[in-house]
Amino acid sequence: MAVALSGCAVANDVADQLARDRAKSVVNSVVARNLPGVDAAPVTDCVIDAASASEIISIAGDSVTGVTETTASKVLDIAQRPQAVECIASVAISGLLR
């Protein structure tokens with residue numbers, strides 16, 4: 001039974017990582033479009049880390065169907081959460097200090 005549970009955990013981890021990777025591609029395009037000239041990758045990571053699992057799955061779905069204005073609004077709303085704002089500010093400051 002422990003082996004079966006272990007297998008489920010691995011499968012869940014793989015599914016989670018796949019959803020996060022697909023969501024990152026969507027978030028990255030929204031960030032690049034709305035913040036031209038900004039390195040989108042670190043900001044994308046901040047947004048993904050601040051998103052809930054259901055938001056990540058929803059955003060990941062748009063990697064197949066295409067980014068809509070609803071998706072863009074959702075990404076920008078997540079980016080305004082305190083956790084995301086702190087992360088983005090930290091990324092920006094560290095980028096200035098390089």
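These legends describe close-up views of a predicted model.

**View 1. Confidence along the predicted chain.** Mean pLDDT for the protein is 85. Of its residues, 81% reach 70 or more. Residues 1–5 stay under 50 in pLDDT. For this stretch the model has zero contacts beyond four places in sequence.

**View 2. The largest nonpolar core.** This core has 20 residues. Those with the most contacts inside it are Ala23, Val27, Val47, Ile56, Ile59, Val75 and Ile78. Two or more residues each come from helix 1 (2–34), helix 2 (40–50), helix 3 (53–65) and helix 4 (69–79). Helix 1 gives the most, with six residues.

**View 3. Ile59 and its contacts.** Ile59 belongs to the residues with the most contacts inside the core. Leaving aside residues up to four places away in sequence, Ile59 touches Ala23, Val26 and Val27, as well as Lys74, Val75 and Ile78. Ile59 is also among the buried residues of helix 3.

**View 4. Thr44, a buried residue of helix 2.** Thr44 sits in helix 2. Its relative accessibility is 2%, so Thr44 counts as buried, the cut-off being under 20%. Beyond residues up to four places away in sequence, Thr44 touches Lys24, Val27, Asn28 and Val31.

View 5. The structure holds four salt bridges. Arg20 pairs with Asp49, with the closest N and O atoms 2.8 Å apart. Arg20 is in helix 1 and Asp49 in helix 2, so this pair ties together parts 29 residues apart in sequence. Asp49 is partly exposed, with a relative accessible area of 43%. A salt bridge also joins the side chains of Asp45 and Lys24, at 3.2 Å from N to O. Here Asp45 lies in helix 2 and Lys24 in helix 1, so the pair ties together parts 21 residues apart in sequence. Asp45 counts as partly exposed, at 33% relative accessibility. Lys24 is partly exposed too, with a relative accessible area of 28%. Lys24 also touches Thr44.

**View 6. The salt bridge of Glu55 and Arg81.** The side chains of Glu55 and Arg81 meet at 2.5 Å, N to O. This pair links distant parts of the chain, 26 residues apart. Glu55 is in helix 3. Arg81 is in the loop between helix 4 and helix 5 (82–96). Glu55 has a relative accessible area of 15%; under 20% is buried, so Glu55 is buried. Arg81 counts as partly exposed, at 29% relative accessibility.

View 7. Helix 3 has 13 residues, which should span 18 Å at 1.5 Å a residue. Its end C-alpha atoms are 19 Å apart, which agrees. The buried residues of helix 3 are Glu55, Ile56, Ile59, Ala60 and Asp62. Seen down the helix axis, these buried residues fall within an arc of 145°, so they line one face. The face turned away from the buried side carries the exposed residues Ala53, Ser54, Ile57, Val64 and Thr65.

Notes. Residues numbered from 1 in each chain as written. Predicted model: local features only at pLDDT ≥ 70, side-chain atom pairs only at ≥ 80, totals over all residues. Heavy atoms only, no water. pLDDT = per-residue confidence, 0-100. Contact = heavy atoms within 4.5 Å. Core = buried A, V, L, I, M, F, W, Y, C linked by side-chain atoms within 4.5 Å. Buried < 20%, exposed > 50% of the residue type's maximum accessible area, 1.4 Å probe, protein only. Helix = DSSP H or I, 4+ residues; strand = E, 2+ residues; numbered from the N terminus. Expected span 1.5 Å × (residues − 1). Arc of directions from axis to C-beta.
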